[in-house]
Amino acid sequence: MNACVPTFSWIGQFSRFTPGEKSPYQYLSLQVVSANGQMLTQAKQLQVRLSKSLRRMLMGYLAPEVWIGVVGKTKLDTQSGEQQWRAREVVKLSPAQ
């Protein structure tokens, strides 16, 4: 059985890391300006959960206001009913991109 997993692709400016229960780098906060290839009329501040391997890689790599691309999947939290975003890939972008 093949389940369709909703995915996202965002471009935005990295704001900061946000701590979670398990790590001070569990989430990244970013100001999204483009979602799935479409420019947004108004930027949105969103948080994305990072895997352990991404946390280790990104904690010394990102600085505030750096442009990044984030690709990942969405998941519905069954307890809260809220949508969660989990990063699969984070890439630093140049301002020209």
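Let me start with a term: a residue is buried when its relative accessible area is under 20%, exposed when over 50%, and partly exposed in between, using a 1.4 Å probe on protein chains only. By that cut-off Q26 is buried, because its relative accessible area is 3%. We will come back to Q26.

Some housekeeping. This is a predicted model: local features need pLDDT of at least 70, side-chain atom pairs count only at pLDDT 80 or more, and totals for chains, interfaces and linings use all residues. Residues are numbered from 1 along each chain as its sequence is written, and side-chain values use heavy atoms, with hydrogens and water left out.

Now the overall layout. Helices are DSSP runs of H or I with at least four residues, strands are runs of E with at least two, and numbering starts at the N terminus. In sequence order the pattern is β-β-β-α-β-β. The radius of gyration is 13 Å, close to the 13 Å from the globule rule for 97 residues, so the protein is as compact as a globular protein of that length. That radius is taken over C-alpha atoms, and the rule is 2.2 Å times the number of residues to the power 0.38. The C-alpha box along the principal axes is roughly 40 × 30 × 25 Å. Of the 97 residues, 30% count as buried.

Next, the strands. Two strands pair if DSSP finds at least two bridges between them. β2 and β3 run antiparallel, joined by eight bridges. V32 stands opposite K44 in β3. The β2–β3 hairpin has two residues between its strands, and N36 in the turn has a positive phi of about 50°. Strands β4 (residues 67-76) and β5 (residues 83-92) are also antiparallel, over nine bridges. There, G69 faces V91 in β5. Six residues separate β4 from β5 in their hairpin, and G81 in the turn has a positive phi of about 80°.

On to the core. A nonpolar core is a set of buried Ala, Val, Leu, Ile, Met, Phe, Trp, Tyr and Cys residues joined through side-chain atoms within 4.5 Å. Which residues have the most contacts inside the largest one? L28, L62, I68 and V90, in a core of 19 residues. β1 (7-18), β2, β3 (38-49), α1 (52-58), β4 and β5 each supply at least two residues of this core.

Take L28. This residue lies in strand β2 (residues 27-35). L28 is buried, because its relative accessible area is 0%. Contact means heavy atoms within 4.5 Å. Beyond four places in sequence, the contacts of L28 include F14, F17, L46, L62, I68 and V90. F17 is 11 residues away along the chain, yet the two C-alpha atoms are separated by 4.4 Å. I68 touches L28 too, and among its other partners are W10, L30, L62 and V90.

Back to Q26. Where is it? Q26 sits in the loop between β1 and β2. Its contacts beyond four places in sequence include T18, E21, V48 and R55.

Last, the rings. Phe, Tyr and Trp rings (six-membered for Trp) pair if their centres lie within 6.5 Å; planes under 30 degrees apart are stacked, over 60 edge-to-face, the rest tilted. The whole structure gives four aromatic pairs. Ring pairs link F8, W10 and W85 into a cluster. The charged end of K92 sits over the ring of Y61, 4.3 Å from its centre. That call needs NZ of Lys or CZ of Arg within 6 Å of the ring centre and within 35 degrees of the ring normal.
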